[in-house]
Amino acid sequence: MTALPHDPAPPRARRTRKTLTPWLFLAPGMAMFLIYVLIPIVQSVWVSFHDWDGLGQMRWIGLANYSELWWDDAFYTSLKNNVIWLVLYMLAVPAGLMIALFLNQTVRGIRIYKSLFFFPFVISQVVVGLIFSWFYAPGFGLLYAMIEWLTGRGVAILAEEDYVTYGIIAAGLWPQIAYCMILYLTGLNAVAPDQIEAARLDGAKGWRMLWHVVLPQLRPATFIAVVMTVIGALRSFDLVSIMTSGGPFGSSRVLSYYMYEQALSEYGYRMGYGAAIAVVLFGIMMIFISGFIWKMWRDEKGL
Amino acid sequence: MLTSRKALALAALLASAAPALAQDRVLTFNTNASDPAPRQMFETLAADFMAEHPEIRVEINTFDHEGFKTAIRNFLTADPPDLITWFAGNRMKPFVDAGQLMDISDVWAAEGVGENLASAESSVTFDGKQWGMPYSYYQWGVYYNRDAYEAAGIAEPATDWDGFLANCETFQAAGIDCLTTGSKALWPVAGLFDYLSLRTNGYDWHMQLTNGEIPWTDDSVRAVFAEMGRIAPFITANHAAIDWQDAVALMVQGRAAHYVMGNFAVAAFRDGGMTDDNLGFMSFPTINADIPRAEEAPTETVHIPAGARNPDDAKLFLTYLARANVQTKMNDMLGQLPVNSEASVGDDPFLQAGFEMLSTAEGGIAQFFDRDAPAEMAKAGMEGFQEFLVRPERLDQILDRLERQRQRIYATAQ
């Protein structure tokens, strides 16, 4: 064998290797991203300009699906519910922080309490939906019985168009709070004890300590918690499907569920219309996603 | 040593190849029979067919009843079986239009097949051709609890609408829901609407409505909704949050008196503890006495996908399925009514009552709202019915919306 370490490769080849290697490493990921993300997005936009039942011929109808959306009451109901979801789902972030602060102490058996609080995130969303459906169920549901006992008249949350969305969001918050809590618990582990000590010596306590010393150090955890909660709120599909199927009379629909209903459910198969809804939902998500990416880019540049 | 092993392997290969050749005649049959009784029925049906045709092997793939509705589109295009279960009427039209089902007019035209199935012919016919083989149907009607009648002090159910509504007030005073339903899945309210429509304006009008020939803002539609508004206050509160089985429990417990349902609910009533002594059945009350009585009875069908690999044996199977004695046995197991007019109806009192009711329905027999109307119209309509029952004051808004849907849906359908 000859000495390999000082393999005198010509500078040209080394340069190509330097520029080529990162691309080679990126290639599998990029191929996946292309096949499973970019191409489907383009296809969805393409399908949204057609009238198609998924079986027969596609018929080009231009913007007709979008103009129909413009006049569609059900679309606005879904949009409104999505906004309600976005706003109320954000409660998971402060609630998760509160529980994390509360649990972040050294008491005997604290790990058990932590895992109990984390439990709702471990169980499937389907199970969460079922549990809350029973909780709200007219007749035997615990909440229904409690309201009946208090006011004399039971309220079936999932049958009332004015309450149903809030009822589902409450069910969704249960696991989401647990998720934010675990993010903050790990964040709290990384809080520098010397800074807390220093702040204490300076006389900081309670809210001031939390606001000026602890929270700034939790910024990465807060960022992830907000991102995950926004995405969770926008793709809230499973709970709506399990608890109400969008009912009563469509008043608890969100965009993702409406898209499924139009494109894939029993009475749907309007692929074009479903795709148009998907494109709108994608547009809304893009606003948030670009915001997050912009922020991440700024942070990395150290601006 | 080596050669003998080779010979063995060759022999084994031949042995495995020989039966494969003999069993080339395989029929794959995708069914939605996920409930125990239908599942067993299809297994028995396949076994009986194989006993008569030993050279053919029937392989049944059972899908979940709801999951089947979405799976069918995938397997029809990707890997079509030889036989599938589906529903007659407009529910099969998208598949006919897309060329996914096989024209089986030749099976219908064969000696002794079509003439005995005449009652269901129109529901499987498009463009003058038959696309499916009906084997079973069941009546919809009013099931009631005799114990609830006793508790409210009412002797007999009224057969006219005004009398029925008057009884409802007595039930309400006794703290019993006059009519129950669970409309979470929407379709149960369509049964109620269909009957109100058939009784108010008649069969022909109902068919025109579901064919998109009548504007939803028309006064004749308002007349149907007016009757619906009269019964609305007597329907179980919060029905929008419960499934149809939950409403069965209310009737079994005597907290509700009537249920407009299909005959498949009888099994659920019996599971809940009701017997032939306290479970009653009647035809939906008369609203307009001048209108010939029409009833509702959805038909169950078997079809051959256009891409079937073994269409000849599949047609043989459908010919077998059409036979009177086969349909008698199948429907005995299902607790439903055979379509073949030569077949005999089971002893079950509700089946007998249903058969009697359907065979004397001079007005006609409708399928069901979601089979008579195109899928999108059915969905929009059922949502409208549910909304109206909960918020009757929104009638104008609901009808305007349905009319907009009608203009769009039937325009694209043509």
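Author: For what follows, Ala, Val, Leu, Ile, Met, Phe, Trp, Tyr, Cys and Pro count as nonpolar, Asp, Glu, Lys and Arg as charged, and the others, Gly among them, as polar. By these classes, the lining of the largest cavity has six nonpolar, two polar and no charged residues. The model is a predicted one, in which local features need pLDDT of at least 70 and side-chain atom pairs count only at pLDDT 80 or more, while totals for chains, interfaces and linings use all residues. Residues are numbered from 1 along each chain as its sequence is written, chains are lettered from A and ligands numbered from 1 in the order in which they are written, and side-chain values use heavy atoms, with hydrogens and water left out.

A search of the whole structure finds one cavity of 30 Å³ or more, where a cavity is a set of points, on a 1 Å grid over the protein atoms alone, at which a 1.4 Å probe fits but cannot get out. The volume of the largest cavity is about 40 Å³, a volume being the space filled by probe spheres set on the points, which are joined across faces, edges and corners.

The residues that line the largest cavity are B:Leu179, B:Thr180, B:Thr181, B:Pro188, B:Leu192, B:Ile235, B:Tyr259 and B:Val260, lining residues being those with an atom within 4 Å of a point. In chain B, β8 (177–180), α9 (187–200) and β9 (256–262) each supply at least two residues of this lining; helices (H or I, at least four residues) and strands (E, at least two) are DSSP runs, numbered from the N terminus.

Elsewhere, in chain A, the axes of helix α6 (residues 125–136) and helix α8 (residues 164–189) come within 10 Å and cross at roughly 135 degrees, the axes being lines fitted to C-alpha atoms, for helices over the stretch in contact, with angles running from 0 to 180 degrees between N-to-C directions. The contact of α6(A) with α8(A), meaning heavy atoms within 4.5 Å, includes A:Phe132 in α6(A) and A:Trp174 in α8(A) among its residues.

Technical notes:
On a 1 Å grid over the protein atoms alone, a cavity is a set of points where a 1.4 Å probe fits but cannot get out, and a pocket is an open set with protein on both sides within 12 Å along at least five of seven lines; lining residues have an atom within 4 Å of a point.
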